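Visitor: I would like to go through this model label by label and hear what stands behind each one. Please begin with the strand pairing.

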Amino acid sequence: MLHAIGRLHGVRLAPRPGLPRGLLLLSLYAPLPDRENELERARFNTALLDITNHLDMQVPTLLLGDFNGSFCPARDYSTTSGRQRPPCPLLVQLLGPGAPWVDVHATLLPEPLSPTYWGTGANNTQHSSRNDLVLANHAALALITSATAMPHIRDGGHSPIAVTLRLDSPAAISWCQPRPRPPALLQLPSAELR
């Protein structure tokens, strides 16, 4: 369901030297936590927690994306109103004590990651936040050597984050753009199309 609505995409790398269990990369874009998107956000949170409960956590997995929220607003927002927001309920469940995920930036970096989002609010006031996160399960944590924001690149105010993994053997990810899927109408059985 999350893939169908463009909220979650995944790539699974097959086992290879240095990655005996392979690697799973999940990219997400959470709905905004406002009144207009309240129902969609609740469905998104439930679906993502369900996916987490069904993942094989022995497979190194990275969960990357824009969570549109923060585990620690006082640290992650530049404005007073942002710092006073409540923690994101989804991130509290994903990152709390004994949780399946670890915030790579808060755990591995000697100093906090620079903002990953810059925007302009009312009266042309500038604001920034760290809503774009890289979460790792415990199997992936040992592979990560660094994670850095790339502030010189901005797409819609967001900057990408580069994560470097240490493998025992060199590895490369072969990627090709997926073929576009036909519209739902054209995916019907041929008898119905006739």
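Visitor: How do you know that S3 and S7 pair, and in which sense?

Guide: This is a predicted model. S3 and S7 are joined by five bridges in the antiparallel sense. Pairing requires at least two bridges, so with five bridges S3 and S7 count as paired.

Visitor: What makes S4 and S7 a pair?

Guide: S4 and S7 have three bridges, again antiparallel. The threshold is at least two, so three bridges are enough for S4 and S7 to be called paired. Here Val102 has Ala136 of S7 as its bridge partner.

Visitor: Why is S7 called mostly covered?

Guide: Strand S7 spans residues 132–137, and six of its six residues are buried. A buried residue has under 20% relative accessible area. Asp132, Val134 and Ala136 point one way from S7, while Leu133, Leu135 and Asn137 point the other way, and all are buried.

Visitor: Why is Cys88 called buried?

Guide: The relative accessible area of Cys88 is 5%. The cut-off for buried is under 20%, so Cys88 at 5% is buried.

Visitor: Why does Cys72 count as partly exposed?

Guide: Its relative accessibility is 27%. Partly exposed lies between buried, under 20%, and exposed, over 50%; Cys72 at 27% therefore falls into that class.

Visitor: How do you know how many disulfides there are?

Guide: A search of the whole structure finds zero disulfides. For Cys72 the nearest cysteine sulfur is that of Cys88, 13 Å away. A disulfide needs the two sulfur atoms within 2.5 Å, so at 13 Å Cys72 is in no disulfide. Cys88 is in no disulfide either, with the sulfur of Cys72 as its nearest cysteine sulfur at 13 Å.

Visitor: What is the reach of H1, and how does it compare with the expected span?

Guide: Helix H1, residues 38–54, has 17 residues and reaches 25 Å from its first C-alpha to its last.

Visitor: Which residues of H1 are buried, and what do they pack against?

Guide: Arg41, Phe44, Asn45, Ala47, Leu48, Leu49 and Thr52 are buried in H1. The buried residues of H1 pack against strands S2, S3 and S4 and helix H4.

Visitor: Which elements have the lowest and the highest mean pLDDT?

Guide: Helix H7 (residues 190–193) has the lowest, 77, and strand S3 (residues 61–66) the highest, 92. The protein averages a pLDDT of 83, and 91% of the residues score at least 70.

Notes
Residues numbered from 1 in each chain as written. Predicted model: local features only at pLDDT ≥ 70, side-chain atom pairs only at ≥ 80, totals over all residues. Heavy atoms only, no water. pLDDT = per-residue confidence, 0-100. Helix = DSSP H or I, 4+ residues; strand = E, 2+ residues; numbered from the N terminus. Expected span 1.5 Å × (residues − 1). Buried < 20%, exposed > 50% of the residue type's maximum accessible area, 1.4 Å probe, protein only. Contact = heavy atoms within 4.5 Å.
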